[in-house]
Amino acid sequence: MEEKQVPFYGVFFDKSAILKLARWAGIFAWVALITHLLVFALSFSQFMIQFATGLFFQKGMSLVDLMSFFNPYLTMPIPGIVYFFGLKFVQNGLLILLEMEESTRRSANSK
């Protein structure tokens, strides 16, 4: 005979709300990463077209001056990567905390 599960209201959160929040954090992580990488690819390709046509070349430029044109483009995807890992950390942290709470509840019920 199966016992009917009685909901336990002694928790600080709703399980379905935490699962939704974790799912949305994962979705936003991918959206942020793809958006930043897409903007980087478009900006860098536009820069390379302009660079290849000689738009940025000036008489008397040194190699250091030439390399300084690439600095902003190399750092553009970094915020997207940081947002991705931060939101994935939030997603997995919420799932781990939810699993810890469920495990604690199961062990308390089994005694």
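1. Ring pairs join Phe40, Phe44, Phe47, Phe51, Phe70 and Tyr73 into a cluster, where rings of Phe, Tyr and Trp (its six-membered ring) pair if their centres lie within 6.5 Å. The model is a predicted one, in which local features need pLDDT of at least 70 and side-chain atom pairs count only at pLDDT 80 or more, while totals for chains, interfaces and linings use all residues. Residues are numbered from 1 along each chain as its sequence is written, and side-chain values use heavy atoms, with hydrogens and water left out.

2. By the ring-pair rule the count comes to 11 aromatic pairs. One of them, Trp24 with Phe28, is tilted, with 5.7 Å from centre to centre and 35° between the planes; planes under 30 degrees apart count as stacked, over 60 as edge-to-face and the rest as tilted. Both residues lie in helix H1, 4 residues apart, or about one turn of the helix. Helices, here H1 at residues 15-52, are DSSP runs (H or I, at least four residues) numbered from the N terminus.

3. Trp24 is partly exposed at a relative accessible area of 46%, and Phe28 is likewise partly exposed at 48%; the terms mean under 20% for buried, over 50% for exposed and in between for partly exposed (1.4 Å probe, protein chains only).

4. Phe47 and Phe70 form an edge-to-face aromatic pair, with 5.2 Å centre to centre and 90° between the planes. Phe47 lies in helix H1 and Phe70 in the loop between helix H2 (63-68) and helix H3 (71-75), so this pair ties together parts that are 23 residues apart in sequence. Phe47 is buried, at 2% relative accessibility, and Phe70 is buried as well, with a relative accessible area of 17%.

5. Trp24, Ile27, Phe28 and Val31 make a nonpolar surface patch of about 400 Å². Patches of this kind are built from residues with over 30% relative accessible area and no salt bridge, nonpolar side chains (Val, Leu, Ile, Met, Phe, Trp, Tyr) being joined within 5 Å, and the areas come from the Shrake-Rupley method with a 1.4 Å probe.

6. A search of the whole structure finds 1 salt bridge, a term that requires a side-chain nitrogen of Lys or Arg within 4 Å of a carboxyl oxygen of Asp or Glu. The side chains of Glu102 and Lys15 meet in a salt bridge at 3.4 Å, N to O. This pair links distant parts of the chain, with Glu102 in helix H4 (residues 78-110) and Lys15 in helix H1, 87 residues apart. Lys15 counts as partly exposed, at 42% relative accessibility.

Terms used
Patches are made of residues with over 30% relative accessible area and no salt bridge: like charges are joined within 9 Å, nonpolar side chains (Val, Leu, Ile, Met, Phe, Trp, Tyr) within 5 Å. Helices (H or I, at least four residues) and strands (E, at least two) are DSSP runs, numbered from the N terminus.
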